[in-house]
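Hi everyone, thanks for coming. Let me put today's chain up on the screen, and then I'll walk you through it.

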Amino acid sequence: RVRVTNPDGNASSWESFTVTTSAAPSPSISSVSPSSMPGSGSRQTLTINGSNFVSGARLEFNPPTGGNLGSSSSYLTFASSGQIRYQINNDNDDGTWRVRVINPDGNASSWESFTVTTSAAPSHSISSVSPSSMP
């Protein structure tokens, strides 16, 4: 509340006002690198670039099989307000994946897509036949 008091001691009535905090901007993803990665049962680095990332942010993944998977803080590196790195194990689940950033205050980015490709099986080839002739 506030009121004005003049030098002669006369004062206005009290008036109320509200102080609000400005909402924190939501995180935004500009790119994911690599945009395509091979299917693997091992961890690979996925870099999420954007803005308004906050330390303590987490990731949410949407794999091709559906459902959402959360990130593990032990595999997440907060590099800056514009970059997060994550050691992802895509478990050979090929197709289009989506990822989003969720800041500790609950503000979330839009989903950004990346692709997991099937590892090509090695081609078979014949180098020789033995015996080279038969009766």
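I'll start with the ground rules, then go through the sheet, the core, a salt bridge and a surface patch.

So, this is a predicted model, where local features need pLDDT of at least 70 and side-chain atom pairs count only at pLDDT 80 or more, while totals for chains, interfaces and linings use all residues. Residues are numbered from 1 along each chain as its sequence is written, and side-chain values use heavy atoms, with hydrogens and water left out.

Okay, the sheet. Helices (H or I, at least four residues) and strands (E, at least two) are DSSP runs, numbered from the N terminus. Two strands pair if DSSP finds at least two bridges between them. With that, we get an open sheet of 5 strands, ordered β2-β9-β8-β4-β5, with mixed pairing. β2 (36-38) and β5 are at the edges with a single partner strand each, so one side of each has no neighbour in the sheet.

Let's stay with β4 for a bit. What joins β4 to β8? There are 5 bridges, and the two strands run antiparallel. β4 and β5 make a hairpin with 6 residues between them, and Gly-66 in the turn has a positive phi of about 95°.

Now the inside. A nonpolar core here is a set of buried Ala, Val, Leu, Ile, Met, Phe, Trp, Tyr and Cys residues joined through side-chain atoms within 4.5 Å. The largest one has 18 residues, and among those touching the most other members are Leu-59, Phe-61 and Val-101. The elements giving two or more residues to this core are β1 (28-33), β3 (44-51), β4 (58-62), β7 (83-88), β8 (95-102) and β9 (112-117). Contact means heavy atoms within 4.5 Å. Leaving out residues up to four places away in sequence, the contacts of Leu-59 include Ile-48, Leu-76, Ile-84 and Val-101.

Next, charges. A salt bridge is a side-chain nitrogen of Lys or Arg within 4 Å of a carboxyl oxygen of Asp or Glu. How many salt bridges does that rule give? The count comes to 1. Arg-100 forms a salt bridge with Glu-60, with the closest N and O atoms 2.6 Å apart. That pair links distant parts of the chain, 40 residues apart: Arg-100 is in β8 and Glu-60 in β4. Arg-100 is partly exposed at 22% relative accessible area, whereas Glu-60 counts as buried at 14%.

Arg-100 also touches Ser-109, which is found in the loop between β8 and β9. Ser-109 counts as buried, at 6% relative accessibility.

Last stop, the surface. Val-2, Phe-17 and Val-19 form a nonpolar patch. Val-2 is found in the segment before β1 and is partly exposed, at 41% relative accessible area.

That's the tour, thanks!

Methods
Buried means under 20% relative accessible area, exposed over 50%, partly exposed in between (1.4 Å probe, protein chains only). Patches are made of residues with over 30% relative accessible area and no salt bridge: like charges are joined within 9 Å, nonpolar side chains (Val, Leu, Ile, Met, Phe, Trp, Tyr) within 5 Å. Accessible areas come from the Shrake-Rupley method with a 1.4 Å probe; for residues, only the protein chains shown count as cover.
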